[in-house]
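Hello! Here is the structure I promised to pass on to you. Please open it first, and then read my notes below.

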Amino acid sequence: MIVNLKNPQTNQFKQVKAGFSWTMFFFGFWVPLFRGDWKWLIIMLLLDLIGIFTFGIVSGIANIVMAFLYNKLYIQDLIAAGFKPNDDASANILKTKNISFNGLAVD
């Protein structure tokens with residue numbers, strides 16, 4: 001399910017998938033790098049650094065866990081940065097995924 005988010009101050013628009021992240025599952029830290037999500041990039045790189053000393057076990061587990069959590073965390077960070085659902089369908093998806101946001105859909 002795709003969620004449409006818009007920042008009313010900057011008029012910036014983002015489409016984000018809600019739910020399991022196959023890209024995080026397969027590509028790990030590359031996903032936050034390409035999204036410009038510096039906080040989660042650093043966290044994933046640190047986990048991968050620790051993973052070197054555990055023969056990749058920590059990295060593999062982190063990628064699996066983050067595949068389930070990353071899209072929700074990314075959406076929450078965008079909402080904290082001022083983004084709001086752009087339509088009622090996006091607002092309903094956020095409600096079904098238990099992602100809280102302030103106010104109603106924009107436009």
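Leaving aside its neighbours within four places in sequence, which residues is Arg 35 in contact with? They are Tyr 70, Asn 71 and Tyr 74, where contact means heavy atoms within 4.5 Å.

Before going further, a word on the source: this is a predicted model, in which local features need pLDDT of at least 70 and side-chain atom pairs count only at pLDDT 80 or more, while totals for chains, interfaces and linings use all residues. Residues are numbered from 1 along each chain as its sequence is written, and side-chain values use heavy atoms, with hydrogens and water left out.

Back to Arg 35, which sits in helix α2 (residues 30–35). Helices (H or I, at least four residues) and strands (E, at least two) are DSSP runs, numbered from the N terminus. Arg 35 is partly exposed, with a relative accessible area of 27%; buried means under 20%, exposed over 50%, and partly exposed in between (1.4 Å probe, protein chains only).

Now the strands. Five of the six residues of β1 (residues 2–7) are buried, so this strand is largely enclosed by the rest of the structure. Strands β1 and β2 (residues 12–17) run antiparallel and are joined by six bridges; two strands pair if DSSP finds at least two bridges between them. Gln 15 in β2 is the bridge partner of Asn 4. The two strands form a hairpin with four residues between them, and Asn 11 in the turn has a positive phi of about 60 degrees. Strand β1 is also joined to β3 (residues 84–85) by two bridges, again antiparallel, and there Lys 6 stands opposite Lys 84.

Next, the helices. The axes of α3 (residues 38–53) and α4 (residues 57–80) come within 10 Å and cross at roughly 170 degrees. Axes are lines fitted to C-alpha atoms, for helices over the stretch in contact, and angles run from 0 to 180 degrees between N-to-C directions. The two helices are therefore roughly antiparallel, the word for angles over 145 degrees. Among the residues that meet are Trp 40 and Leu 47 in α3, and Met 66 and Tyr 70 in α4.

Finally, the largest nonpolar core has 20 residues, and those with the most contacts inside it are Leu 5, Tyr 70, Ile 75 and Leu 94. A nonpolar core is a set of buried Ala, Val, Leu, Ile, Met, Phe, Trp, Tyr and Cys residues joined through side-chain atoms within 4.5 Å. Its largest share, six residues, comes from α4.

Enjoy exploring!

Note on methods: Parallel < 35°, antiparallel > 145°, perpendicular 65-115°, else oblique.
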